[in-house]
Amino acid sequence: MRESSNPSIPAAFGYPGHGPNARIGIAICHGFTGSPLSVLPWAQFLAQQGFAVSVPLLPGHGTDWRQLERSGWQDWAGAFEAAYLELAAHTDDSFVAGLSMGGAVALRTASRHAVAGVAVVNPGLSFYDRRARIIGVLKYFQRTTIPAEESHPTATATNDGDYSRTPLAAVHELKKLFAAAIRGLPKVVAPVLVFKSDTDEVVPPSSIELIRNRLGSRALTVIPLPNSGHVATLDADAPAIFEQSARFFVEQAAKRVSSETS
């Protein structure tokens, strides 16, 4: 089912699908400095439901911060887009999904391709840290900083590699990715399902407001997560995310079939 026999090592995940849901594809993108481990339970749940699932390991991730420093936002977005297109070639209805930065990548992909729908968890499009405004200059004077973390994380910890430092060059790339995703929001016409934690110390509420104000699709649903922090796919509300997203994928695929046959 996955490309690594060790479930604790960062690796891409893929499943071809089975049963009635096999023709529905879900491409899921992990977050910045994370790996497929952060969304693995979600991917596994969907695979168990019979969906075809693809979770690529983005360049510069799952290793260490020095590798991340040498990669760029187009590498990350391109790797996910390639995974989505490969999945779409073998399924009838293909969706994009993501966590945190992965939400931005999923939304950008949806602005460039006719996806069947989008499901994102705490999608990032903006920063709490005001230094992000001058990151393009700051990176030349300071190579790394400490990672953005929650003061009291409640999600299960994963071993995604050595990201004890965050390279500012990569943060600059993240800012560019957010800008590209925001520019693409008016072109996202597929239904969008957003899960948002009530308490999130990593992604500010302004990210959701950007989606509300600029999304091209009229079909936007935002579901609050009252009991989880930023990595909600590994937290208390994870079962609700898994079940409601699976229902969303099935319902949207059915609507597309109905519209095509009517």
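Predicted model: local features only at pLDDT ≥ 70, side-chain atom pairs only at ≥ 80, totals over all residues.
1. Nonpolar cores. The largest nonpolar core contains 45 residues, and the residues with the most contacts inside it are Phe32, Trp76, Val96, Met101, Val118 and Leu125. Helix H6 (residues 168–184) contributes the largest share of this core, nine residues. Apart from it lies another core, made up of 34 residues, including Ile28, Trp42, Phe45 and Phe248. In soluble globular proteins, nonpolar side chains tend to be buried together.

2. Valine 118. Leaving aside residues up to four places away in sequence, valine 118 touches Phe95, Val96, Leu107, Ala110, Pro191, Val192, Leu193 and Phe248. Val118 and Val96 are both listed among the residues with the most contacts inside the largest core, whereas Phe248 is listed in the core of 34 residues.

3. Helix H6. H6 has 17 residues, and its first and last C-alpha atoms are 24 Å apart, close to the 24 Å expected at 1.5 Å a residue. Of its 17 residues, 12 are buried, so H6 is largely enclosed by the rest of the structure. The buried set consists of Leu168, Ala170, Val171, His172, Glu173, Leu174, Leu177, Phe178, Ala180, Ala181, Ile182 and Gly184. Note that His172 and Glu173 are in that buried set.

4. Helix H1. In H1 (residues 40–48), the buried residues include Leu40, Trp42, Ala43, Phe45, Leu46 and Ala47. Trp42 and Phe45 also belong to the core of 34 residues. Glycine 50 follows H1 and has a positive phi, near 100°.

5. Aromatic pairs. There are seven aromatic pairs in the structure. In one of them, the ring centres of phenylalanine 95 and phenylalanine 249 are 4.9 Å apart and the planes are at 55°, so the pair is tilted. The pair links distant parts of the chain, with phenylalanine 95 in strand S4 (residues 93–99) and phenylalanine 249 in helix H8 (residues 238–261), 154 residues apart. Both phenylalanine 95 and phenylalanine 249 are buried. Ring pairs also join Phe51, Phe95, Phe248 and Phe249 into a cluster.

6. Largest pocket. The largest pocket holds about 1300 Å³ of space. Its lining has 44 residues, of which Phe32, Thr33, Pro147, Ala148 and Glu149 are the closest to the pocket centre. Helix H5 (135–138) and H6 each supply at least two residues of the lining, and H6 gives the most, with four residues. Phe32 is also listed among the residues with the most contacts in the largest core.

7. Glycine 136. This residue is found in helix H5. Glycine 136 is partly exposed, with a relative accessible area of 22%. Its C-alpha atom is separated by 7.8 Å from that of alanine 169, which is 33 residues apart from glycine 136 along the chain.

8. Most residues other than glycine have a negative phi. Threonine 33 is not a glycine, yet has a positive phi of about 65°; its place is in the loop between strand S2 (24–29) and H1. Asparagine 122, also not a glycine, has a positive phi of about 45° and sits in the loop between strand S5 (118–121) and H5. Asparagine 122 is buried, with a relative accessible area of 0%. Threonine 33 is also one of the residues closest to the centre of the largest pocket.

Key. Residues numbered from 1 in each chain as written. Heavy atoms only, no water. Core = buried A, V, L, I, M, F, W, Y, C linked by side-chain atoms within 4.5 Å. Buried < 20%, exposed > 50% of the residue type's maximum accessible area, 1.4 Å probe, protein only. Contact = heavy atoms within 4.5 Å. Expected span 1.5 Å × (residues − 1). Phe/Tyr/Trp six-rings, centres within 6.5 Å; stacked < 30°, edge-to-face > 60°. 1 Å grid on protein atoms, 1.4 Å probe; cavity = no way out; pocket = protein on both sides within 12 Å on 5 of 7 lines; lining within 4 Å. Points joined across faces, edges and corners; volume = space filled by probe spheres on them.
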